[in-house]
Amino acid sequence: MAEGTRPLLAANWKMNPVTAAEAADLVRGVTEAARQHQDRVEVALFPPFPWLLGVAELLEETGVGLGAQDCYWEEKGAFTGAVSAQMLAGWCQWVIVGHSERRAYFHESDEDVARKAAAGVAAGLDVIVCVGELDEHYERGHTEPVVTAQVKAALAHLSADDSSHLVIAYEPVWAIGTGKNAEPEHAYNTMRTIRRVVADTLGDGAARRIRVLYGGSVNAANVESYTALPTCDGCLGGGASLKADEFSKMVGTVAEVYGHTPASP
Ligand code: PGA
């Protein structure tokens with residue numbers, strides 16, 4: 001566990017739900033569990049842009065964090081459709097950058113991800129940078145070099161001082177939305193690699209402060225197997241975070257795990 005932090009359970013809603021009313025229902029469905037366990041678990045919700053303001057109001061005084069799923073690196077100007085980190089900073093504490101769906105469907109490069117991460121931190125946001133190997137990398141045993149290169153690239157414009165505002169989410173692309181979650185041992189080894197790369201790049205202090213999450217088909221049944229790992233500071237959930245009951249259970253499980261001393265897998 002990173003220095004002085006609680007485990008983080010982050011809910012990436014992706015392009016869901018379609019209406020503001022459904023978004024409000026989902027928020028109301030998860031805030032009770034989050035409030036109950038807030039001493040042990042930090043919860044953050046990542047709705048689509050149009051729901052951010054409404055969700056921000058519902059989350060007031062709940063202790064639940066709010067974040068956006070992406071940002072652009074320029075502050076303002078002629079960038080149709082883009083949303084800057086500065087614009088988000090008035091409403092959100094968090095932003096996700098480099099999610100595999102952004103990389104795959106919107107052709108974002110490692111350099112784009114690095115610029116977004118730096119813009120997020122500069123705007124005062126806490127930034128979750130997603131990294132992870134494709135199926136073909138995993139099958140060939142190339143996870144380590146792929147993830148190492150992604151982490152190094154993402155940190156290119158950041159310094160050790162930024163590390164307490166930085167979270168790296170290890171999300172094997174083959175595990176996202178597929179129900180094929182990674183073996184805890186594979187997740188453990190890759191998260192350990194990530195922390196080592198941070199140490200090599202930004203120094204040991206940064207490696208102790210930065211938080212590392214696992215994501216990819218996390219649900220109420222398997223969240224314990226990741227959060228119990230000593231390299232793991234929490235999870236980033238997608239599909240399961242759209243079901244209020246399931247996500248609430250996940251919050252309770254992470255709170256319980258945090259009460260115990262982590263063991264090696
Ligand atoms: P999933 O998504 O939990 O639906 O696999 C995780 C993510 O994309 O962050």
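Predicted model: local features only at pLDDT ≥ 70, side-chain atom pairs only at ≥ 80, totals over all residues.
Local features were required to have a pLDDT of at least 70 and side-chain atom pairs a pLDDT of 80 or more, whereas totals for chains, interfaces and linings use all residues. Residues are numbered from 1 along each chain as its sequence is written, and side-chain values use heavy atoms, with hydrogens and water left out.

Asn 12 belongs to strand 1, which spans residues 8-12 (strands are DSSP runs of E of at least two residues, numbered from the N terminus). With a relative accessible area of 4%, Asn 12 is buried (under 20% relative accessible area, 1.4 Å probe, protein chains only). A polar contact of 3.5 Å joins the side chains of Asn 12 and His 99 (a pair of N or O atoms within 3.5 Å; within protein, one must be able to donate a hydrogen and the other to accept it, and residues adjacent in sequence count only if both atoms are side-chain atoms). Neighbours within four places in sequence aside, residues in contact with Asn 12 include Phe 46, Gln 69, Leu 236 and Gly 238 (heavy atoms within 4.5 Å).

The ligand is surrounded by 14 residues, the closest being Lys 14, His 99, Glu 171, Gly 177 and Ser 217 (a heavy atom within 4 Å of the ligand). Ligand oxygen atoms lie 2.7 Å from a side-chain N or O atom of Lys 14, 2.6 Å from one of Glu 171 and 2.8 Å from a polar backbone atom of Gly 238. Of the 280 Å² of accessible area that the ligand has on its own, the protein covers 95% (Shrake-Rupley method, 1.4 Å probe).

Key. Helix = DSSP H or I, 4+ residues; strand = E, 2+ residues; numbered from the N terminus. Buried < 20%, exposed > 50% of the residue type's maximum accessible area, 1.4 Å probe, protein only.
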